[in-house]
Amino acid sequence: MPSFFSLSLPCVLAAWMLLASSSSPEEEKLIRVLVLLPKDNSYLFSVARVKPGIEYAVRSLQENGTCLPGYRFETIYEDSECGNRALFSLVDLVALKQQKPDLVLGPVCEYAAAPVARLASHWNLPMISAGALATGFSTKTGEYSHLIRVSPAYSKMGEMFLALFRHHKWSRATLLYSDNNQERNCYFTMEGVHVVFQEEAFHMAVHSFDESGRYLDLDEIVRSIQAGERVVIMCASGDTIRNIMLAAHRQGMTNGDYAFFNIELFNSSSYGNGSWKRGDKHDLEAKQAYSSLQTVTLLRTVKPEFERFSMEVKSSVQKEGLNEDDYANMFVEGFHDAILLYALALGEVLKYGFSKKNGDKIVLHTRNRTYEGIAGQVSIDANGDRFGDFSVIAMTDPEAGTQEVIGDYYGKQGRFEIRSNVKYLWGPGKLRIDENRVLEHTNNTPCKSSGGLGESAVTGIVVGALLGAGLLMAFYFFRKKYRITIERRNQQEECNMGKHRQLREDSIRSHFSAA
């Protein structure tokens, strides 16, 4: 006979589900935002840095009152730790606290964002991030369907380089980057360039190095450049870029035969700062070397409101004990604009009779639109990714070492333009890049011509043939006997050596390492 508990359990569960599905009018007007960012201030996108930008956007919407009248925002900040903690925080909020968010902001780190994006898509939650920029997130038809990126993905930078190469009529490049197998920002950046170039059948030489080690072999890096192509795209820290340029300069590679590009990630001096000046004994030499270097960075536009925004962010961040050059960096701007984008999309969805629970409808209305962000216009493409606008900085006065923006790329139009009011040292005829050169290999062994084969030569051929036949037979029996052992050993070694990288790269479907 069924127990009372077994009979009543379905009723209890049904009642709980009914209560969970129902909500008060106040709850319907509440927009719960879960922000997943690291609390570690070594990250440019830490909670302390980004929170003032998010709060500024929320306050602006509430003061305006026309976009979402009657609605209010509740922001919940959780430490992502740039890892699995982000996923756990989302699950805990829903399963334990029974507070399902209406919007997820972040994470930024690729390996933290991947599982969160999959779960957000499964739960029909819009997820907007100023990170998750790897090419693996570009396929939105499946597990990343609810991800919107309000900062230009690395593939957008690849499109910029494609336009730049077409401008110069180049089709070959060396990709040189730092990779420490952790967050791998430069790895994913170069992946974006590699994928775009590969689609155009450009020839590429790819080299990586670990700048976090105790000793960086600059001579080996320069040799890899010399063995590759003449147009070099680099991604590393500012100090490493400077050391590479100094080493290249000492090898005579900065006289116009090579063109160097430096990618400055996130508009921050932490990544590839294009400045040659350090106040040390190498400044003069570095200034000369940097005449062959151009730096690619995000295009910055300034509105009057941006100045007030920057001052408020600076004031809030300084209260946290942080002092830096650029308080309103790409991530602060991006997450501010993410709130505005969500509000615009939700407002349109509500007009069509849907609610904040229709995450798929909200995601659809974030695409194919242009709106005013805090620093200028923001354009989102049909895939839910922001078009990238970039600037190219170069030395315009070698004597003074002055660096200026010499060109801009406009992603929505796919157009690269050289600024007319600057002195461009890399104008027509100034570079001597020869993409069709053939590397010469010197052979110092003298060759003697002979009208025929001598007796000793014939004897050598016969002996060589017999030895060759013997070696082939020995190899056959060796291969037959040890083939299975070798295959098993190789499988075991590949499993042990590649396990960590495979697990991490599979999480975002990256194929760059196999290219």
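This is a predicted model: local features need pLDDT of at least 70, side-chain atom pairs count only at pLDDT 80 or more; totals for chains, interfaces and linings use all residues.
**Exercise 1.** Determine how the rings of Y56 and F309 are arranged, and which parts of the chain the pair ties together.

*Solution.* 
Step 1. A pair of aromatic rings is described by the distance of the centres and the angle of the planes.
Step 2. For Y56 and F309, the centres are 5.1 Å apart and the planes stand at 80°.
Step 3. Centres within 6.5 Å count as a pair, and planes over 60 degrees apart count as edge-to-face. The pair of Y56 and F309 is therefore edge-to-face.
Step 4. Y56 belongs to helix α3 (residues 47–64) and F309 to helix α11 (residues 304–319), so the pair ties together parts that are 253 residues apart in sequence.
Step 5. Both Y56 and F309 are buried.

**Exercise 2.** Classify the pair of F161 and F261, and state which cluster holds these residues.

*Solution.* 
Step 1. The ring centres of F161 and F261 are 6.0 Å apart and the planes are at 90°, so this pair is edge-to-face.
Step 2. F161 lies in helix α6 (residues 154–168) and F261 in strand β9 (residues 259–263); the pair links distant parts of the chain, 100 residues apart.
Step 3. F161 and F261 are both buried.
Step 4. Ring pairs join F161 and F261 with F165, W170, F197 and F202 in a cluster.

**Exercise 3.** Identify the rings over which R184 and R230 lie.

*Solution.* 
Step 1. The charged end of R184 is placed over the ring of Y187, at 3.7 Å from its centre.
Step 2. R230 lies over the face of Y258, and the distance to the ring centre is 4.9 Å.

**Exercise 4.** Describe the open sheet of five strands: its order, its edges and the helices that lie across it.

*Solution.* 
Step 1. Strands of a sheet pair through backbone hydrogen bonds, either parallel or antiparallel.
Step 2. In this open sheet the order is β2-β1-β3-β4-β5, and the pairing is parallel.
Step 3. The edge strands, β2 (72–79) and β5 (147–149), each pair on one side only.
Step 4. From one strand to the next, the twist averages 25°.
Step 5. Strand β1 (residues 30–37) runs parallel to strand β3 (residues 103–105), and three bridges join them. Opposite L34 stands V104 in β3.
Step 6. Helix α5 (residues 110–122) lies across β1, β3 and β4 (127–129), at about 150° to β4.
Step 7. Helix α12 (residues 330–351) lies across β1, β2, β3, β4 and β5, and runs at about 160° to β3.

Definitions and conventions:
Residues are numbered from 1 along each chain as its sequence is written. Side-chain values use heavy atoms; hydrogens and water are left out. Rings of Phe, Tyr and Trp (its six-membered ring) pair if their centres lie within 6.5 Å; planes under 30 degrees apart count as stacked, over 60 as edge-to-face and the rest as tilted. Helices (H or I, at least four residues) and strands (E, at least two) are DSSP runs, numbered from the N terminus. Buried means under 20% relative accessible area, exposed over 50%, partly exposed in between (1.4 Å probe, protein chains only). A charge sits over a ring if NZ of Lys or CZ of Arg is within 6 Å of the ring centre and within 35 degrees of the ring normal. Two strands pair if DSSP finds at least two bridges between them. Axes are lines fitted to C-alpha atoms, for helices over the stretch in contact, and angles run from 0 to 180 degrees between N-to-C directions. Contact means heavy atoms within 4.5 Å.
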